[in-house]
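The structure is shown first, and the comments follow.

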Amino acid sequence: AAQIVQKSCSAGGPQLRFYYKAKVILKAISWLGIKPTISDTISFDCPISQIENLGINISDLTGLTSV
């Protein structure tokens, strides 16, 4: 994950992509057994300035590895 963030937060890098899946439970219809599921993929530019405002330096992620 750290490598994906590094690539996406570098100049000219690809957008970040997230897949999500949610089950909608509304009392008005759930008693009927209707609980629709919504899923989609979203893509957006890395919010590098907001990340840096948190004191996180993207280049520091270089040393992170998955175990």
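1. Setting aside residues up to four places away in sequence, Ser 8 touches Gly 13, Pro 14, Gln 15, Leu 16 and Cys 46, where contact means heavy atoms within 4.5 Å. The model is a predicted one: local features need pLDDT of at least 70, side-chain atom pairs count only at pLDDT 80 or more, and totals for chains, interfaces and linings use all residues. Residues are numbered from 1 along each chain as its sequence is written, and side-chain values use heavy atoms, with hydrogens and water left out.

2. Ser 8 belongs to helix 1 (residues 2-8); helices (H or I, at least four residues) and strands (E, at least two) are DSSP runs numbered from the N terminus. Its relative accessibility of 7% places Ser 8 among the buried residues, buried being under 20% relative accessible area, exposed over 50% and partly exposed in between (1.4 Å probe, protein chains only). A polar atom of the Ser 8 side chain lies 3.1 Å from the backbone oxygen of Pro 14.

3. How many disulfides does the structure hold? There is one, a disulfide being a pair of cysteine sulfur atoms within 2.5 Å. The partners are Cys 9 and Cys 46, with their sulfur atoms 1.8 Å apart. The link of Cys 9 and Cys 46 is right-handed, with 80 degrees about the S-S bond. Cys 9 sits in the loop between helix 1 and strand 1, and Cys 46 in the loop between strand 2 and helix 3 (48-53), so the pair ties together parts that are 37 residues apart in sequence.

4. Both cysteines should be read together with their burial. Cys 9 is buried at 14% relative accessibility, and Cys 46 is buried at 13%.

5. A nonpolar surface patch is formed by Phe 18, Tyr 20, Ile 38 and Ile 42, which together have about 360 Å² of accessible area. Strand 1 (16-23) and strand 2 (37-44) are the elements that give two or more residues to this patch. Phe 18, found in strand 1, is partly exposed, with a relative accessible area of 44%.

6. As for the chain overall, the secondary structure comes to three helices and two strands, in the order α-β-α-β-α along the sequence. Of its 67 residues, 13% count as buried. Among contacts with a separation of 6 or more, 45% join residues 24 or more positions apart.

Definitions and conventions: Patch = residues over 30% accessible without salt bridge, like charges linked within 9 Å, V, L, I, M, F, W, Y side chains within 5 Å. Areas by Shrake-Rupley, 256 points an atom, 1.4 Å probe, with all protein chains shown as cover. Salt bridge = Lys/Arg side-chain N within 4 Å of Asp/Glu carboxyl O. Polar contact = N/O pair within 3.5 Å; in protein donor to acceptor, adjacent residues only side chain to side chain.
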